[in-house]
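Hi everyone, thanks for making the time. I'd like to walk you through one structure this morning, so let me put it on the screen.

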Amino acid sequence: MMLEHILVLSAYLFSIGIYGLITSRNMVRALMCLELILNAVNINFLKGNIFSIFVIAIAAAEASIGSAIVSSIYRNRKSTRINQSTLLNK
Amino acid sequence: MDLPGPIHNFLLVFLGSGLILRGLGVVLRINPIYSAFSLGLVLVCISLFYILTNYHFVATAKLLIYVGAINVLILFVVMFMNIQNIIKILIHGPLGMALLRCTILDTSWYGIIWTTRSNQIIEQDLIGNSQQIGIHLATDFFLPFEFISIILLVALIGAIDVTLQ
């Protein structure tokens with residue numbers, strides 16, 4: 001009874017995270033939705049406790065580097081909108 | 001944890017409904033500080049799920065690392081930027097609605113429930129969870145353990161170097 005409820009919840013959190021990641025105009029909100037996605041995958045590994053620890057460590061490293069990049073972008077451009085990164089366009 | 005049946009079910013329903021509501025709160029709230037706090041509550045609910053399934057070490061590790069470090073880091077980043085939230089109606093365009101429909105309605109929810117019904121193995125673990133993790137990390141997963149420590153070191157140095165300029 002426990003297992004399928006947690007799997008359904010993890011699928012729900014994953015889809016909500018993907019929706020928030022794609023339709024967010026703010027870089028910090030995209031980082032938060034990325035953490036939501038990683039947690040949804042982590043709760044899917046219910047009986048694999050070692051891999052959960054690895055996913056936690058990778059998520060910590062990625063969150064720190066992501067926030068460092070976001071803060072340096074903010075310092076350069078004074079705005080955190082995603083649709084302003086058009087430097088590679090013509 | 002070997003809780004009696006009704007308490008177990010009640011906690012499941014409580015945590016599940018909390019997860020559903022706060023997951024929506026992360027995405028749909030306009031103010032980014034509210035969504036950061038909702039993310040913190042989502043992480044607390046997830047670690048309580050891990051307590052319910054007898055994985056105590058992973059639950060406390062998630063509580064310490066995710067809520068204590070990553071969520072605090074995200075809150076710092078949110079407060080560091082003066083995000084001008086212009087109060088306007090949330091315009092989630094047709095792309096967003098299409099994505100929501102694709103992800104929620106096309107996921108085979110019944111298939112998820114159906115695949116787990118076949119094997120209900122009742123396992124009795126005599127070793128605690130932290131000892132299991134220690135044994136696995138020292139014997140089977142030794143090489144990924146070392147790689148993860150190198151990854152964390154590189155991430156630490158890289159993050160400090162990027163923000164020092």
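**How the two chains meet**

Let's start at the interface: chain B and chain A together bury about 5800 Å², and 76% of that area is on carbon and sulfur atoms. Please keep in mind throughout that this is a predicted model. On the residue side, chain B puts 70 residues into the contact and chain A puts in 57. How many salt bridges does the rule find across the interface of chain B and chain A? The count is zero.

Now let me zoom in on one helix pair from that interface. Helix α3 of chain A, residues 49–77, and α3(B) have axes that come within 10 Å and cross at roughly 5°. Angles under 35 degrees count as roughly parallel, so α3(A) is roughly parallel to α3(B). Which classes of residue make up this contact? By class, we have 16 nonpolar residues, five polar and one charged.

Staying with α3(B), let's turn to a neighbour in its own chain. Helix α3 of chain B covers residues 56–80, and its axis comes within 7 Å of the axis of helix α6, residues 129–139 of chain B, with a crossing angle of roughly 85°. That angle makes α3(B) roughly perpendicular to α6(B). If you want to find the spot on screen, look for His56(B), Phe57(B) and Val58(B) on α3(B), which meet Asn129(B), Ser130(B) and Ile133(B) on α6(B). The class count here is three nonpolar, three polar and no charged residues.

Let's bring in the annotations next. For chain A, an unreviewed UniProt entry places the feature "transmembrane region" at residues 6–22 and 51–74. How do those spans look in the model? Residues 6–22 of chain A are 100% helix and 0% strand, with end C-alpha atoms 24 Å apart. Residues 51–74 of chain A are likewise 100% helix and 0% strand, and there the end C-alpha atoms lie 34 Å apart.

For chain B, UniProt, again in an unreviewed entry, gives that feature at residues 6–24, 36–57, 63–83 and 141–160. I'll pick out two of these. Residues 36–57 of chain B are 86% helix and 0% strand, and the end C-alpha atoms are 25 Å apart.

Methods: Residues numbered from 1 in each chain as written. Chains lettered and ligands numbered in written order. Predicted model: local features only at pLDDT ≥ 70, side-chain atom pairs only at ≥ 80, totals over all residues. Heavy atoms only, no water. Axes fitted to C-alpha atoms, helices over the stretch in contact; angles between N-to-C directions. Helix = DSSP H or I, 4+ residues; strand = E, 2+ residues; numbered from the N terminus. Parallel < 35°, antiparallel > 145°, perpendicular 65-115°, else oblique. Contact = heavy atoms within 4.5 Å. Nonpolar A, V, L, I, M, F, W, Y, C, P; charged D, E, K, R; others polar. UniProt positions renumbered as here; feature names shortened; annotations may be inferred. Buried area = accessible area lost by both parts, 1.4 Å probe. Salt bridge = Lys/Arg side-chain N within 4 Å of Asp/Glu carboxyl O.
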